[in-house]
Amino acid sequence: MQTLTSTGVLARFGKALADPTRSSILLRLKDGPAFPGELAESLGVSRQMLSNHLACLRDCGLVVAEPAGRKVRYELSDVKLAHALGDLLEVILTVEPICTCPDEDCAP
């Protein structure tokens with residue numbers, strides 16, 4: 001186990017936010033812990049897809065799984081993440097209508 005700071009944290013946060021489903025999961029967990037079934041239903045994705053995204057978010061260190069009886073509840077790994085997500089939602093960007101980014105995954 002290692003502790004990341006600065007660029008490592010930003011890189012993992014960026015990876016998580018680069019996918020719309022992972023972004024939606026983080027935004028949902030910003031409001032509080034949730035169970036996978038609730039998350040899958042509220043986001044309109046299969047439980048298998050959700051499980052894959054939660055694994056990625058756990059690997060990035062952004063969410064943790066907490067046992068709750070026979071179930072597992074997910075929550076943000078640090079309360080500061082909720083604040084950071086809230087701050088990001090208030091950012092206003094001015095962008096070109098066509099993305100000229102060399103990244104193939106960059107949506108226009």
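Predicted model: local features only at pLDDT ≥ 70, side-chain atom pairs only at ≥ 80, totals over all residues.

Tutor: Residues are numbered from 1 along each chain as its sequence is written, and side-chain values use heavy atoms, with hydrogens and water left out.

The protein has five helices and two strands, in the order α-α-α-α-β-β-α from the N terminus. Helices (H or I, at least four residues) and strands (E, at least two) are DSSP runs, numbered from the N terminus. Along the principal axes, the C-alpha atoms fill a box of roughly 50 × 30 × 25 Å. Of the 108 residues, 25% are buried; buried means under 20% relative accessible area, exposed over 50%, and partly exposed in between, with a 1.4 Å probe and protein chains only. Contact means heavy atoms within 4.5 Å. Among the contacts with a separation of 6 or more, 48% join residues 24 or more positions apart.

The part to examine is helix α2, which spans residues 20–30. Serine 23 lies in this helix. Serine 23 counts as buried because its relative accessible area is 15%. A polar atom of its side chain lies 2.9 Å from the backbone oxygen of leucine 17. Neighbours within four places in sequence aside, serine 23 is in contact with Ala16 and Leu17.

Leucine 27 also has its place in helix α2. With a relative accessible area of 32%, leucine 27 is partly exposed. Residues up to four places away in sequence not counted, leucine 27 touches Leu85 and Leu89. The C-alpha atom of leucine 27 is separated by 14 Å from that of glycine 14, 13 residues apart along the chain.

The buried residues of α3 (residues 36–43) are Gly37, Leu39 and Ala40. Seen down the axis of α3, these fall within an arc of 165 degrees, so they line one face of the helix; the arc is that of the directions from the helix axis to the C-beta atoms. The cover over these buried residues includes α2 and α4 (47–59). After α3 comes glycine 44, with a positive phi near 70 degrees.

Definitions and conventions. Polar contact = N/O pair within 3.5 Å; in protein donor to acceptor, adjacent residues only side chain to side chain.
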